[in-house]
Amino acid sequence: MSLNFAILGAGRIGQVHARAVAATPGAKLVAIADPVAAATDALRATYGCDVRSIDQIEASGDVDAVVICTPTDTHADLIERFVRAGKAVFCEKPVDLSLARVQACLKVVEASKGKVMVGFNRRFDPDFMAVKAAIEAGKIGAVEMVTITSRDPGAPPADYITRSGGMFRDMTIHDFDMARWLLGEEVETVYASASVLTDKTIGDLGDFDSANVILRTATGKQAVITNSRRATYGYDQRIEVLGAKGMAAAENHGESRVVLADEKGFHAAPLLNFFMTRYIAAYANEIASFVAAVQGNGPMPTTTHDGLMALALAEAALKSVKEGRAVKVSEIL
Ligand SMILES: NC(=O)c1ccc[n+]([C@@H]2O[C@H](COP(=O)([O-])OP(=O)(O)OC[C@H]3O[C@@H](n4cnc5c(N)ncnc54)[C@H](O)[C@@H]3O)[C@@H](O)[C@H]2O)c1
């Protein structure tokens with residue numbers, strides 16, 4: 001039996017997930033909701049799905065699961081609404097920008113025994129999964145230090161910066177989740193430094209565009225995250241994990257693997273430009289993992305708790321920048 005999906009929100013990430021659902025064996029895209037007709041018309045034409053309102057989808061007997069791709073401030077309400085309606089829920093990060101709201105949502109999910117997966121797509125990237133598998137197989141020994149480089153090719157529009165909660169809650173949140181996942185231990189202390197180096201408008205909006213964060217667990221393991229909203233050479237996404245017996249690293253993905261050499265040097269293609277292309281395989285894998293977990297009645301691969309912990313690290317980083325000191329996660333949660 002196929003798992004029938006509706007997608008809520010047909011913007012940038014809604015389109016990515018529509019393609020992933022349509023391509024996943026055992027999944028079927030039945031309906032899409034978005035108040036903007038131009039967004040839904042394109043998806044209806046491509047996938048032959050219905051366009052329905054959120055109310056209609058909630059009441060639809062032929063929809064088993066929803067993918068929430070609407071703006072962040074709608075996520076927690078929609079999660080609660082759809083778990084109460086008995087649907088499985090895949091929700092894009094972050095669950096909400098308020099820790100209290102995420103905690104309240106988590107209680108509703110637990111009370112209704114809802115199946116909710118939160119979209120931390122990088123855990124499903126084939127290269128990053130291979131790094132994690134190497135750690136779990138003991139190939140690099142006990143993890144000691146994690147280094148995450150995560151730079152966007154350019155800043156989003158000004159209105160997105162204000163709505164999305166700023167760099168730590170919207171962008172670094174992926175890296176906080178990756179750090180927890182790769183360290184294999186919860187973070188105890190956060191130290192962050194952030195500044196505005198690429199675009200003054202971002203600073204005028206009260207946000208940062210350049211940041212370094214150091215995370216430390218109770219046993220002394222550390223992760224360093226380095227972020228920028230500007231990378232002139234494309235979407236820069238690298239991780240490195242140092243263990244007692246070795247190191248595992250995942251390098252960037254270029255548009256091609258061909259290298260040309262001449263008297264001036266070696267020339268390679270630019271990096272894949274942004275998440276829609278760099279993480280295609282990750283988005284496909286995460287939807288396939290969601291389908292497998294729902295159909296097999298297994299645990300969700302990423303949960304509302306993961307969403308809560310990543311947001312707590314973002315809040316700790318913000319506090320650290322404001323107060324110029326290391327912040328314990330216990331001060332936040
Ligand atoms: N995991 C990732 O890699 C990733 C990448 C991008 C965005 N996101 C997250 O996905 C969410 C959406 O981001 P985006 O960049 O796609 O935004 P977007 O603005 O491109 O798309 C949002 C869409 O939702 C629609 N919408 C608004 N209110 C709605 C409602 N009540 N019902 C139905 N549709 C509604 C809008 O019309 C718009 O088409 C954000 O929370 C963002 O943090 C995650």
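**The ligand site and one hairpin**

Let me begin with Thr72: an N or O atom in its side chain is 2.7 Å from an oxygen atom of the ligand, where a polar contact is a pair of N or O atoms within 3.5 Å. The model is predicted, with local features requiring pLDDT of at least 70 and side-chain atom pairs pLDDT 80 or more, while totals for chains, interfaces and linings use all residues. Residues are numbered from 1 along each chain as its sequence is written, and side-chain values use heavy atoms, without hydrogens or water.

For Tyr283, a polar side-chain atom lies 2.5 Å from an oxygen atom of the ligand. For Lys93, a polar backbone atom is 3.0 Å from a ligand oxygen atom. On its own the ligand has 850 Å² of accessible area, and the protein covers 81% of it (Shrake-Rupley method, 1.4 Å probe).

Which residues come nearest to the ligand? They are Arg12, Asp34, Thr72, Glu92 and Tyr283, out of 25 residues around the ligand, each having a heavy atom within 4 Å of it. By class, this shell holds 12 nonpolar, 8 polar and 5 charged residues; Tyr counts as nonpolar and Gly as polar, while Asp, Glu, Lys and Arg are the charged class.

I turn now to the strands, which are DSSP runs (E, at least two residues) numbered from the N terminus. Strand 13, residues 259-262, and strand 14, residues 265-268, run antiparallel and are joined by 4 bridges; pairing requires at least two bridges found by DSSP. The hairpin between strand 13 and strand 14 passes through 2 residues. Asp262 has Gly265 of strand 14 as its bridge partner.

Note on methods:
A polar contact is a pair of N or O atoms within 3.5 Å; within protein, one must be able to donate a hydrogen and the other to accept it, and residues adjacent in sequence count only if both atoms are side-chain atoms.
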